[in-house]
Amino acid sequence: MLNEVMIANKNYASVVVEDRKKLDLVALKVIRYDCPPFLLPIHLVSIDNEIQLRYEILGGIRLAYMTLQMGKNELNKLLNQLLLPYVDCADWFLDFHNIYLDRNYIMIDQNDFKVKYVYMPYGYRIQTEEAVLKFFCDLVASVHLHDDEAYIATLFRCLIGEDASITAFADLVRENLKKEESASVQMSKQTPIMTPVSVPAQEKREPQSTEPDVSKEFGKVDLTDSISAGLFGENEKASNKKAAKKEKQPNFFGRLLGGEKKSKKGSFDPSELNNKDNTGSVKMPEAVDNLGSLEKLIEPQQNFALDIDKTEISEEEEALSGVLRLRLERAQVDNIPNMINLDLNKGYAVIGRYDKTGKLSADFNFDMSLTYIGRRHARFELSGEDVYIIDLESKNHTFLNNEELLPNRRYLLHKDDRIMITQKYGIVYQVC
């Protein structure tokens, strides 16, 4: 339903309005002038008597690019932010059935999980409540909890069944958030506070031996042989056992080494830019009589045409399949690997750096001292037989062939392309 366009070096999601009478003028005014914090700003543009709705893609990374391996507390925070619009839409005279549910166009802030949706300002509902519940059900099913897997089943029971509703689901998430917050507060209160204790000064005394004088009771006994036989003999046996185990273990690296996959020629599939339209049954309202106020909301006709990003692919260009190999060309810092192998068999791979606590943040992690590299800096995505690179809203940017990438936008990779991860470190890798 939405198509991505690039205008004035900005990335937009655009949709053409086929019938002006279907537009909800109240919703348009609310989004244009008040713009609730959970919605992407909207622009109305008229070109050749055709009205287009444009949403600038900003405010975080796409939900489709976000890692869904998290803990229970993180999941509750994410779901709570995603569900806030479904509770607050009525306060803004908006209908939550008109929120466009597509993970590619739901922007999530990586720090506090704040959400920004696309809202379709139409006078009819673009989806049913069953479609909304299915979206959250699919989202919960794709999450991998590392601390409480049983909680996923609890969420499913609230999303599936005759009594399932968005309101009940939101109440469940909020209740669990309050429990976790109260538990953390209680733990902090129970933590004892260490207070310094003054110790009186003592007189200096000559050090005395604490070893007992065994010779007084038992006479002189030579314990050297018994101690060495009891301690060092056992250690010697243990070391011999470990050495025997090492000799029996096979060469693990020998099993990993194999032939390289042959690259295949790729082709560009424009259908990748399309999105699913999960439209439910709708009821068409009566025609809007007064369209004079609509013209005030439309921006003047632009002098430029929409340039949809089209990439021509020659037959000589090769696609990367299975494993993407990046070879280091240059770098201004140390501790940089000469070769990066990214496994794309799951459809994507993310590069970044270790967290300050040493926690893995991406599929490939640079050293935690390279702070100018984001924890989740860029994403490599496999689509058919083509590989794309996407900058994940990194603060210090990603460059492809010396050209800065717009965040959250896919760029096709070719062999011998050069990828620079921040200008600060001058880390440049070549696509093999």
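I will go through the packing of the nonpolar core, the aromatic rings and the salt bridges.

A word first on what we are looking at: this is a predicted model, in which local features need pLDDT of at least 70 and side-chain atom pairs count only at pLDDT 80 or more, while totals for chains, interfaces and linings use all residues. Residues are numbered from 1 along each chain as its sequence is written, and side-chain values use heavy atoms, with hydrogens and water left out.

Let me start with the core, by which I mean a set of buried Ala, Val, Leu, Ile, Met, Phe, Trp, Tyr and Cys residues joined through side-chain atoms within 4.5 Å; buried is under 20% relative accessible area, exposed is over 50%, and partly exposed is in between, with a 1.4 Å probe and protein chains only. The largest such core has 76 residues, and Tyr 117, Phe 136 and Phe 169 are the ones that touch the most other members. Helix H3, residues 129-141, gives this core its largest share, seven residues; helices here are DSSP runs of H or I with at least four residues, strands are E runs of at least two, and both are numbered from the N terminus. A second, separate core holds 27 residues, among them Leu 324 and Tyr 411.

Turning to the rings, there are 10 aromatic pairs, counted for rings of Phe, Tyr and Trp (its six-membered ring) with centres within 6.5 Å, where planes under 30 degrees apart are stacked, over 60 edge-to-face and the rest tilted. Tyr 100 and Tyr 105 form a tilted pair, because their planes stand at 50°, with the centres 6.4 Å apart. Phe 364 and Phe 366, by contrast, are edge-to-face, because their planes are at 90°, with centres 5.0 Å apart, and both of these residues are buried.

Finally, the salt bridges, defined as a side-chain nitrogen of Lys or Arg within 4 Å of a carboxyl oxygen of Asp or Glu, come to 13. One of them joins Asp 148 to Lys 72, at 3.6 Å from N to O; Asp 148 lies in the loop between strand E11 (144-145) and helix H4 (150-159) and Lys 72 in helix H2 (residues 72-88), so the pair ties together parts that are 76 residues apart in sequence. Another joins Asp 95 to Arg 125 at 3.0 Å, N to O, and here Asp 95 is partly exposed at 23% relative accessible area, as is Arg 125 at 45%. Glu 4, Arg 62 and Arg 409, for their part, are linked in a network of salt bridges.
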